[in-house]
There are 2 protein chains.
Amino acid sequence: MKYPAQKVKAFIEASFLAAGSSTEHALLASQALLAADLRGVDSHGIARLSGYIRLWQQQRLNMQPNMNIVHETPSTAVLDGDKGAGLVVAQKAMDIAIEKARVAGSGWVAVKNSNHFGIAGYHAMKALNHDMIGISMTNASALVAPTFSIDRMLGTNPIAVAIPANNEPPFVMDMATTPAANGKLEVCERLNKNIPQGWAQTKEGATTTDNRALKSGGAMLPLGSDREHGSHKGYCLGAWVDIFSAVLSGANYGPWVPPFVSFLSPPPNPVGDGIGHFIGALRIDAFRPADEFKQHMDNWIKAFRKARPIKGQPKVQIPGDQERTIEKERLTTGIPIHSSVMEELDKLSQTLNIKPL
Amino acid sequence: MKYPAQKVKAFIEASFLAAGSSTEHALLASQALLAADLRGVDSHGIARLSGYIRLWQQQRLNMQPNMNIVHETPSTAVLDGDKGAGLVVAQKAMDIAIEKARVAGSGWVAVKNSNHFGIAGYHAMKALNHDMIGISMTNASALVAPTFSIDRMLGTNPIAVAIPANNEPPFVMDMATTPAANGKLEVCERLNKNIPQGWAQTKEGATTTDNRALKSGGAMLPLGSDREHGSHKGYCLGAWVDIFSAVLSGANYGPWVPPFVSFLSPPPNPVGDGIGHFIGALRIDAFRPADEFKQHMDNWIKAFRKARPIKGQPKVQIPGDQERTIEKERLTTGIPIHSSVMEELDKLSQTLNIKPL
C-alpha cells in the first residue's frame, strides 16, 4: 500500500509527540525520517519508527534531550546529544556547523551520546540552502569485518557529501562504506534470493551467497569485497568514519557501538557515550565566489552526463539523481509501506494512543 | 639494485637544484619523493623524477613558483601554486592549513595551478607532529570511467587521512579511489601476467584481464569494480575528490585535468589552472584533550589488531602498517630501483650535469 507523504510525516510527528518530544523535535525527526522514505531508502524511514520508540521505552533514547556544546573553537565543536534521537541531534550539529562556517569559513561538529540519525544525506543536504557544502558521517553498530578478519568491528559507516550547483540539481553522494547496505541483504532474504558473492562472509570468513549470512554469525564485507579488489580501502573508509565520529567526540567506537535494535543490549564496558556523528559545513565563498563555483558545478555535471554509456547500459548518473527521481514520483504517488511495517505501526498507534496511519 | 635512502634523496635534491629550484624547494621535493620510495610506493618516488624534469623543460612546471594565497577566511584558503611542483606546493598548503588550525581549530586549503604532488599520505602525515589530523586529496588526469560509461572522466584521485595515536604508530590511510593503482597494471604488464577481473575495462566497456587495457583505449574501474559491488560508490569518492580539489580551488577537473606525462598535451579549452589538491588539518584539542584522544586511538588500534584472523590469512592490519614495515626495511637495506628507471636517471644526470646516482 502507498500512503501520502503528508500523512506519513504526520504519523511520525504524532508518535514523537506522544513519546514526549517537543513540537520542534517531533517536526525535525519526522522530516528526517520522511526524507528517507521519499528518497527510496525504505530501511531508514518510517520502518524504523517503532525502533526509535522501543529505545525510548527502554530509556536508551531521551525524547527531551538537553543538547550541549562541551568544547569549541571558531571552526569546531563537540556536541553532547544527551541520548537524543540522532535524527534531531545531527540537525542541531549541522546548525552549529553552519553558524561556524558563516564566521570562520568552515564548521565541524563531532557528536557523542547520540543515536541513529537516519540517512546521512539528509543532514549533509541541510547546508545546501546556505550556499555551503554539507558533510555528514556516522558510526553504527558493528556488522563489517576488516580485511582478513572474521570479527565484526565496524558499522556500515556512511559518508554523505552534498554540493550545490546552479541550474543543475545538487551533487549528493550518500554511501555506506560497504558494497551494499544491510537492508539489501534483508530484501534478498524476503525474496528468497541469493546475495551476490562479495557482499558478506560466513562466520569462518568464507565468501558466501547466503542471504542469512549475518544472522548465522557472519559479517558484511567492506567496499571492495576482497583484498584483490581493494576491500582494505573500504575498511580504511569505515575506520575513518568511526574515528571521526566517535574518537574525536568521545562516543563509542568499533565493537563498542551500541546497537539500534532494542532486543540487543549495548556491549559491556563502553569506551564512550552513545554513538557518534561527524558533521561539517564549508562555505563556498570561503574559497571562491559562490556563483562562479556553482557555474563550474553545472559544467562538471553536464560533462559527466554526456559521458558515453556502455552499449546496453543506462546513462551515467550524477550522485543524487536516483534519489531525486524516486522522490519526485513518491511525492505524487505516495510512499509504499510493507505490510509487516504497517502491522508494527498499527500496534504503535495503540501503544501511543494516536490515530492509526 | 638497491640504493641508500640518503643517496636517493641527494640525487633528487641535486636534480631540482640543477633545474633552478631554491634550496628550500629542492629539499621539500626530495623529501616528498623519497617518502614514496621508502614507503613502497615505487611508482610515485624517484621513478617520477625524470617526469617532473621533462615537464619543467616544456615549461609546464615552474621551478621558482611564487605561491600566493588568493582568498582566505579564518579556517580556509585558496592557494595558487603558480605551476610549481605539487611536491612543494602541497607542503606549502599544509603549512597554511596547520597555521589556520592553530587559531581556528581547523584549516582547509584548496590548491589550484599545481602539478602532481607525489603520495597523498606524505602530505597528510605532516600534521601529525602538531597533534593534528592531516587530510590530503588530489585530482589527476582522467583514467577512470564512471559506472555505466566507456569514457575516462576521473583520475585515480586518492584520499589520505593521518591520525596520531599515543604509544601506537599513527593511523595513516592513503588510497586511490580505484581497486588498484595504475602502477599495479604496469607491474602486471612487465611480468606478463593477467590483471584480475574488476580492475579495468576495454574501450567498449567490457570487463577484462588484459594488462594493456588502458593502453588499448580502455579505462580503470572505480573502487567496487561493478555496479553490483558498489562501483557507483568508488565513482562518488573519486568525484568528491575531484570537486574539492579543483572546483573549489579553480583548477581543472574531470576530463580537463592535464596529464603528468610530458608526451601528452594538456586537453584543449582548460576550465581552470593546472591540477588541484585539497589539504586539511584538524587540531585534536579543538575537539578533546590530545592525550585523551590519543589514548583512545591506542585502544582503537589494539582492538583492531586483536580482531581474529580468518584461518590461513594474515593478521588484521592498521592503515599505515604495511608502509611502515617497508620503510623500516628500506632504511636499512636501501631502495630498490628498477634498471629501466636507472637508465633514465643516468640520462638525467647527463642532461642536468650532476653526479650520477
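A salt bridge, as I use the term today, is a side-chain nitrogen of Lys or Arg within 4 Å of a carboxyl oxygen of Asp or Glu. With that rule, a search of the whole structure finds 34 of them over all chains. Keep in mind that this is a predicted model.

Let me start with one pair inside chain A. Arg54(A) and Glu344(A) form a salt bridge, at 3.8 Å from N to O. Arg54(A) sits in helix H3, residues 49–57, and Glu344(A) sits in helix H10, residues 339–352. The pair therefore ties together parts of chain A that are 290 residues apart in sequence.

Now the chain as a whole. Chain A has ten helices and twelve strands. Its C-alpha trace spans about 50 × 50 × 45 Å along the principal axes.

Next, the two copies. Turn chain A by 180 degrees, with a shift of 0.0 Å along the axis, and it can be laid on chain B with an RMSD of 0.0 Å. The copies are thus related as by a two-fold rotation axis. Which C-alpha of chain A is nearest that axis? That of Gly224(A), 2.3 Å from the axis.

On to the interface. Chain A puts 91 residues into the contact, and chain B puts in 92 residues. Of the interface residues of chain A, 100% are also interface residues in chain B, so the copies meet through the same surface.

How much area is buried between chain A and chain B? About 7,400 Å², with carbon and sulfur atoms giving 68% of that. Three residues stand out on the chain A side: Phe148(A), Lys233(A) and Phe287(A). Together they supply 11% of the area that chain A buries against chain B, more than any other three residues.

What about charges and polar groups? Two salt bridges cross between chain A and chain B. One of them joins Arg308(B) to Asp151(A), with the closest N and O atoms 2.4 Å apart. There are also 36 residue pairs in polar contact across the interface.

Which helix of chain A gives the most to the side that touches chain B? Helix H7, residues 231–247, with eleven residues. By type, that side of chain A divides into 56 nonpolar, 24 polar and eleven charged residues.

That's the tour. Questions, please.

Terms used: Residues are numbered from 1 along each chain as its sequence is written. Chains are lettered from A and ligands numbered from 1 in the order in which they are written. This is a predicted model: local features need pLDDT of at least 70, side-chain atom pairs count only at pLDDT 80 or more; totals for chains, interfaces and linings use all residues. Side-chain values use heavy atoms; hydrogens and water are left out. Copies are superposed by least squares on the C-alpha atoms of residues with pLDDT of at least 70 in both. Contact means heavy atoms within 4.5 Å. Buried area is the accessible area (1.4 Å probe) that two parts lose on being put together, summed over both. A polar contact is a pair of N or O atoms within 3.5 Å; within protein, one must be able to donate a hydrogen and the other to accept it, and residues adjacent in sequence count only if both atoms are side-chain atoms. Helices (H or I, at least four residues) and strands (E, at least two) are DSSP runs, numbered from the N terminus. Ala, Val, Leu, Ile, Met, Phe, Trp, Tyr, Cys and Pro count as nonpolar, Asp, Glu, Lys and Arg as charged, and the others, Gly among them, as polar.
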